[in-house]
Amino acid sequence: MTNASPFLSVRKVSKEFGGENRADSPIKVVDNVSMDIDEGEFVVYLGPSGCGKTTLLRIVSGLESASAGDILLSGNAVTGPDRKKGMVFQAYASFPWLSVLDNIKFGTRYRTDIGDKEKAEISKYYLHLVGLGDYADFFVNRISGGMRQRVAIARTLAAAPDILLMDEPFGALDAQTREFLQEQLLEICRVEKKAVIFVTHDVEEAVFLADRAFMFSARPARIVEEIDIASVLGAERDSRTKESEAFFNLRNHVRELMRKQAQQNI
């Protein structure tokens with residue numbers, strides 16, 4: 001009896017940019033990275049700014065192609081972007097001429113598995129899941145940045161992706177809003193049971209959110225250490241988690257890893 005294939009498999013992925021001209025040497029930004037991710041697992045990519053973690057995320061999404069290696073999602077090769085891979089970026093991607101609810105409903109636009117009635121119902125479900133039920137008819141330029149990012153998350157989930165890919169989605173938010181959305185994201189993931197890859201360079205955010213975290217080296221990105229956070233902190237997290245000794249010790253360990261890699265850029 002053979003074991004089932006991993007939900008997401010990253011196999012010996014490398015990426016180089018440039019080098020088209022004979023005088024130019026290609027720049028390697030990702031170097032021979034391999035990992036498997038389970039369905040429903042929350043994985044964080046950590047590393048110093050510019051190390052290549054976002055490039056790897058874009059390769060997983062299909063927005064970039066690998067120079068070498070393969071990405072397999074549910075056993076199928078990733079060859080480009082599609083609805084199975086939902087992206088949430090740091091910038092508040094929204095349509096200012098649409099209401100909050102219509103922005104979320106836009107995520108269902110290309111779904112052929114459901115009809116218009118189901119699309120409306122699903123849009124309202126995600127509107128309430130992200131806590132914006134009272135703002136359905138507001139235009140997005142009349143709500144806060146944190147609310148707009150919740151709209152982006154809800155719209156992405158409404159498209160029914162198999163995996164959620166998040167590129168520093170809370171990086172532009174103030175500390176209080178960021179902490180609130182971290183807890184809300186964990187609750188959404190508990191309900192939705194979707195795999196998540198989350199890119200950040202914020203150590204505390206990574207330790208609070210992740211089941212597993214991968215620390216990457218300074219460019220080119222190589223895996224320095226795989227950190228099994230769930231085995232230390234457990235699966236359930238809330239604001240009290242950050243006050244525990246286990247969190248404090250783990251955060252300091254990861255912070256030291258980050259410091260050593262950041263020094264490579266100096």
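Leaving aside its neighbours within four places in sequence, Lys15 touches Ile27, Lys28, Val29, Val30, Thr55, Ile59, Glu64, Ser65, Ala66 and Ser67, where contact means heavy atoms within 4.5 Å. Lys15 sits in strand β1 and, at 8% relative accessibility, counts as buried (under 20% relative accessible area; exposed is over 50% and partly exposed in between, with a 1.4 Å probe and protein chains only). Keep in mind that this is a predicted model: local features need pLDDT of at least 70, side-chain atom pairs count only at pLDDT 80 or more, and totals for chains, interfaces and linings use all residues. Residues are numbered from 1 along each chain as its sequence is written, and side-chain values use heavy atoms, with hydrogens and water left out.

**The sheet with β1**

- Helices (H or I, at least four residues) and strands (E, at least two) are DSSP runs, numbered from the N terminus.
- Four strands make an open sheet in the order β2-β1-β4-β5, with antiparallel pairing; two strands pair if DSSP finds at least two bridges between them.
- β2 (27-37) and β5 (76-77) are the edge strands, each with a single partner strand, so one side of each has no neighbour in the sheet.
- Strand β1 (residues 8-17) runs antiparallel to strand β4 (residues 68-73), and five bridges join them; Ser14 has Ala68 as its bridge partner in β4.
- Helix α1 (residues 53-61) lies across β1, β2 and β4 and runs at about 120° to β1.

- Five of the five residues in strand β3 (residues 42-46) are buried.
- Both faces of β3 are covered, with Phe42, Val44 and Leu46 on one side and Val43 and Tyr45 on the other.
- β3 pairs in the parallel sense with strand β8 (residues 195-200) over five bridges, and Thr200 in β8 is the bridge partner of Leu46.
- β3 also pairs in the parallel sense with strand β9 (residues 212-216), over four bridges; here Tyr45 is partnered by Phe214.

**Helices packing on α5**

- Axes here are lines fitted to C-alpha atoms, for helices over the stretch in contact, and angles run from 0 to 180 degrees between N-to-C directions.
- The axes of helix α3 (residues 116-129) and helix α5 (residues 175-192) come within 11 Å and cross at roughly 140°. That makes α3 oblique to α5 (under 35 degrees is roughly parallel, over 145 roughly antiparallel, 65 to 115 roughly perpendicular, and the rest oblique).
- Tyr125, Tyr126 and Leu129 of α3 meet Gln184, Ile188, Val191 and Glu192 of α5.
- The axes of helix α4 (residues 145-158) and α5 also come within 11 Å, crossing at roughly 15°, which makes α4 roughly parallel to α5.
- On the α4 side, the contact is made by Gly146, Gln149, Arg150, Ile153 and Leu157, and on the α5 side by Thr177, Phe180, Leu181, Gln184, Ile188 and Glu192.

- Most residues other than glycine have a negative phi, and most peptide bonds are trans.
- Arg219 and Pro220 are joined by a cis peptide bond, with omega about 0°; Pro220 is in the loop between β9 and β10 (223-228).
- Ser74, in the loop between β4 and β5, has a positive phi near 55° and counts as partly exposed at 44% relative accessibility.
- Ala160, in the loop between α4 and β7 (163-167), has a positive phi near 60° and is partly exposed at 27% relative accessibility.
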